[in-house]
Amino acid sequence: MTLEGRVWKFGDNIDTDVIIPAPYLVTTDMVELGKHCMEGVDALFAEKVSPGDIIVAGTNFGCGSSREHAPMALKGAGISCVIAEGFARIFFRNAFNMGLAIFESPGIVQGIQEGDQVSVDQDTGEIIDHTNGKRFLANPIPPFMQELIEVGGLMSHVMSKRRT
Amino acid sequence: MPQTITEKILAAHAGRETVAPGELINVRIDMALANDITAPIAIDLFEKSRVESVFDPEKIALVPDHFVPNKDIRSAVQVQAMRTFARKYHIKHFFELGEMGIEHVLLPEKGLVLPGDVVIGADSHTCTYGALGSFATGVGSTDIAAAMITGEAWFRVPESIKFIYHGRLGKWVSGKDLILYTIGDIGVDGATYRAMEFTGDVIKDLTMAGRMTMANMAIEAGAKSGIIAPDEVTLDYIKPRAKRSFESYASDPDAAYADVRTYDVSNIEPQVAFPFLPENTRGISAVGTVPIDQAVIGSCTNGRIEDLRVAASVLKDRAIDKNVRLIIVPATPAVYRQAMAEGLLEIFLAAKGIVSPPTCGPCLGGFMGVLGPGERAVSTTNRNFVGRMGHTTSEVYLANPAVAAASAILGRIGSPEEL
């Protein structure tokens, strides 16, 4: 499957407090969380973003709190995937467990500009910037994580194992 | 094959002789934890699975500590969901107001996490329990939902980094300063995916409170876990609390590490982490003039009785600056009562500070001391990200309890030596 959208760029160490500030952690509604997505760095982000848009960021994306509200808020805002130089581990784990597509691609921040139209082939990991014609490759997804994506997240994985 | 303490604990819980870094394994867990922010998502997922019972009602801890005492109606609804779930599935360790404390201070205090355990918590500071010689790590709500069904969790076995601390700590230098100094050295992603193993004669001399402060902030270097091998100090703390058997592990002398870092810490000063990352550390003498509006002493990092004693020793017979608000948060009811018995609360109130009931509130800008636009706080908590304690233009400076108390008196960030 291919994900395609317009790029929003962020720097290094984007923490979960800025992805979804703590005062909004009084709900588990993805759409409502999405309305405050990235509010800590860009108060108007949720208004500007369109369904399918892609976030490109630097190193250590999603550092800090384990709040699963962070990947939920990104999904709720319509973000189709996050491509980063690197992810903090709890965020990485949460994204696969709950079904937000993420890709690690060192060098991506240099090669892609905000507003570029970008597509990601989820099977091959090929990232194409259709605005400047550049191509990138995402790091391969470990087999177990691939399995999680295919079955639709950790809960589906657990339940399918229980049935067998 | 020589193994680190982390590898030994994970192997034992995976039913294996040995495990190697990079391997993906399924491990049995001894405790799964969630709070009033993260439990509601896990509860929703659990109920949707239509499984009829949890794997073990004694191995789940639900601690409503973040927005409790309920700060608003929606927080109340989240705690109601926890309460209902706890009753329905007979969860033994649900902590109602009055017994509730900050989770990472409460669970060790109650003897619910022990050496050799594997603990997962839907809270990033779950790594605190590594100070007891357990493998403990933060996960998400979905992991907790899955673990409540299976009693297991999946992990990539982490490589370990060994940190060796030598020397003698200066008068106002604590576990908080050691971990801030370390994060300042390796950076906020310096230990990503790895286990930080703290060793050396300085660690041996550290109290359990100081050790828990260090392990608590391993996540601020991106680590999966922080760990300290159990010794006599650990066992003195654990023995009166443990209600089940446990096992103490230690790394083999020839175990493999991704990196070994040795620090002589005799000359380090109390550390202050400037906004907006915990790695932006400076020694107290290099801070310059930073006026503050608020000082917070508490949290899972520094809300233990030892921390309050240090703060009280600085605040005794003094009053805080008239432009500063001082908020002190004993982390658990036991810490609160002990502070009361020792006369510490009297010292705090006489200095014109306030004493809050146990809560995480101010640390994450939830309630009980939210910062307004442009306000500055010195805090004994663990994060100084943009907007962490309030408005996005507010600032948080991380420090130890002695520095936070001295700063409240001085009206600017400073050392107890200046008083």
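Mentor: Let us go through the features one by one.

Mentor: This is a predicted model, in which local features need pLDDT of at least 70 and side-chain atom pairs count only at pLDDT 80 or more, while totals for chains, interfaces and linings use all residues. Residues are numbered from 1 along each chain as its sequence is written, and chains are lettered from A and ligands numbered from 1 in the order in which they are written.

Trainee: How many helices and strands does chain B have?

Mentor: Helices (H or I, at least four residues) and strands (E, at least two) are DSSP runs, numbered from the N terminus. Chain B has 14 helices and 18 strands.

Trainee: What share of chain B counts as buried?

Mentor: A residue is buried if 20 or more other C-beta atoms lie within 10 Å of its own, exposed if 12 or fewer, and partly exposed in between; the C-beta atoms are placed from the backbone. In chain B, 61% of the 419 residues count as buried. Look at helix α11 (residues 305-315) of chain B: 8 of its 11 residues are buried, so it is largely enclosed by the rest of the structure. Among them are B:Ile305, B:Asp307 and B:Ala311. For α8(B), 8 of the 9 residues are buried, so this helix is also largely enclosed by the rest of the structure. They include B:Arg211 and B:Asn216.

Trainee: What is the strand order in the open sheet of 5 strands?

Mentor: Two strands pair if DSSP finds at least two bridges between them. The order in chain B is β4-β3-β2-β5-β6, with parallel pairing. The edge strands β4 (93-94) and β6 (135-138) of chain B each pair on one side only. Strand β5 (residues 118-122) of chain B is joined to β6(B) by 4 bridges, and B:Val119 has B:Ala136 as its bridge partner there.

Trainee: Which way do the side chains of a strand point?

Mentor: In a regular strand they alternate between the two faces of the sheet. From β6(B), B:Phe135 and B:Thr137 point one way and B:Ala136 and B:Gly138 the other way, and all are buried.

Trainee: What are the domains of chain B?

Mentor: Domain bounds come from an automatic or database domain assignment. For chain B the assignment gives domain 1 (5-262) and domain 2 (271-418). Taken over C-alpha atoms, the centres of these domains of chain B are separated by 24 Å.

Trainee: How many residues does the largest nonpolar core have?

Mentor: A nonpolar core is a set of buried Ala, Val, Leu, Ile, Met, Phe, Trp, Tyr and Cys residues joined through C-beta atoms within 7 Å. The largest has 198 residues, and those with the most contacts inside it are A:Ile83, B:Ala42 and B:Ala311. Helix α14 (residues 401-410) of chain B gives the most to this core, with 8 residues. Both domain 1 and domain 2 of chain B give residues to this core, so it lies between them. Leaving aside neighbours within four places in sequence, the contacts of B:Ala311 include B:Ile297, B:Ile328 and B:Pro401.

Trainee: How many residues of chain B are in contact with chain A?

Mentor: There are 43 residues of chain B in contact with 34 residues of chain A. On the chain B side, α5(B) gives the most, with 7 residues.

Trainee: What should I know about phi and peptide bonds?

Mentor: Most residues other than glycine have a negative phi, and most peptide bonds are trans. B:Asp317 is not a glycine, yet its phi is positive, about 60 degrees. B:Asp317 is exposed, with 7 other C-beta atoms within 10 Å. A:Met38 also has a positive phi, near 65 degrees, but A:Met38 counts as buried, with 26 C-beta neighbours inside 10 Å. A cis peptide bond, with omega about 0 degrees, joins B:Val68 and B:Pro69, and another joins B:Pro275 and B:Phe276.

Key:
Two residues are in contact if their C-beta atoms, placed from the backbone, lie within 7 Å.
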